[in-house]
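Thanks for coming. I will walk through one structure, a piece at a time.

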Amino acid sequence: MNTHHAKVLIIGAGPAGSAAAIYAARAYSKPLLVTGLQAGGQLTTTAYVENFPGFAEPVKGPLLMEQMRQQAENAGTKVMYDIITFVDLSMRPFRLQGGSGDTYTADALIVATGSEARWLGLPSEKTFKGFGVSANAIFDGVFYRNKEVVVVGGGDSAVQAALDLSNLASKVTVVHRRDRFRAESILKDRLLSKPNVKVIWNQAIDEVIGEHEPNKWVTGVRIRDVKTGDVRELPTHGLFVAIGHDPATALFRGLLDMDRAGYIKVGSWSTKTSVPGVLAAGDVIDPVFRQAISAAGMGSMAALEAAKFLAETVETREVEIIGVYG
């Protein structure tokens, strides 16, 4: 088992973490970037990105994140493909433990762990997760070529998932508990123009139905009209859940101040958390915008604030030494 030390350590390799790594590296801090379970974040599950500045044509999400990672490495970042499982913020340098068994220490820490898919919370959903229930249309959509699928949700994630699946599945049914989408207009228009897409409004999914023997697999969903309470079954080969995301901050619960939803609290126009030297950026602090470009912007802010913190810490330490020995 090895120990790695860095002036700046970044957890998470999505847009926020990657941008933080680029800016931290340019400050000559030779940062460490620990990727986490999903190197590249949510954009690695997005077929095409059309609204990230600098790309005149749509760019594939995985390619965009690969380019950001390479840019960070070219600037001097060391990328570690590991998962942080334990954090000690009680003293500096901060100490972290990786799933690999390696130990990491850092003078400043940037938390950019992103967010995790939100699930319906149904026992039957848990039963069939991985057996017809998924939250990843890009990775799992290929298994539903020429089959019928259901997507639940009404935001950008749900509409984009339905669009991606419409290029593979024979039929896509979108189930939404409201009477209109919350997604961007351009995405809504594209989806509603698809001949193999059907939208069912004002409906909620109460249960996932499937076979257990001889092979476990989804065969349908039970949906309920939120206005009348009427219940009916809808046959399908697969269910894709796209009802939003929650901040991936469980690792820092009790260590950093958070709101009730689990978002890390930071100062106004700042990425500073309740612990000096710990910064946070991206979806872990943003319950409003949750865009790749805003996450990247916050990542750059976090790196700049980390550099300032380190400079001030060195200056303070030098003053203390002069006071003792001068």
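To begin, which residue in strand 13 does Val174 stand opposite? Val174 faces Val199 there. Keep in mind that this is a predicted model.

That pair belongs to strand 12, residues 171–175, and strand 13, which are parallel and joined over four bridges. Both strands are part of an open sheet of five strands, ordered 10-17-11-12-13, with parallel pairing. Strand 10 (133–134) and strand 13 (197–200) each have a single partner strand, so one side of each is left without a neighbour in the sheet. Those two stand at the edges.

Helix 5 packs on this sheet and touches strand 11 (148–152), strand 12, strand 13 and strand 17 (238–241). The direction of helix 5 makes about 170° with that of strand 11.

Next, the helix pair. Helix 5 (residues 156–166) and helix 6 (residues 185–192) have axes that come within 10 Å and cross at roughly 35°. The crossing is left-handed. Helix 5 contributes Asp156, Val159, Gln160, Ala162 and Leu163 to the contact, and helix 6 contributes Leu187, Lys188, Arg190 and Leu191. By type, these residues are five nonpolar, one polar and three charged.

Last, the antiparallel strands. Strand 14 (residues 203–211) is joined to strand 15 (residues 217–225) by eight bridges, and a hairpin of five residues connects the two. Here Ile205 stands opposite Ile223. Strand 15 also runs antiparallel to strand 16 (residues 231–235), with five bridges, and Arg222 stands opposite Glu233. The hairpin of strand 15 and strand 16 has five residues between the strands, and in it Gly229 takes a positive phi near 85°.

Key:
Residues numbered from 1 in each chain as written. Predicted model: local features only at pLDDT ≥ 70, side-chain atom pairs only at ≥ 80, totals over all residues. Heavy atoms only, no water. Axes fitted to C-alpha atoms, helices over the stretch in contact; angles between N-to-C directions. Left-handed = near helix turned anticlockwise from the far one by under 90°. Contact = heavy atoms within 4.5 Å. Nonpolar A, V, L, I, M, F, W, Y, C, P; charged D, E, K, R; others polar. Pairing = 2+ DSSP bridges.
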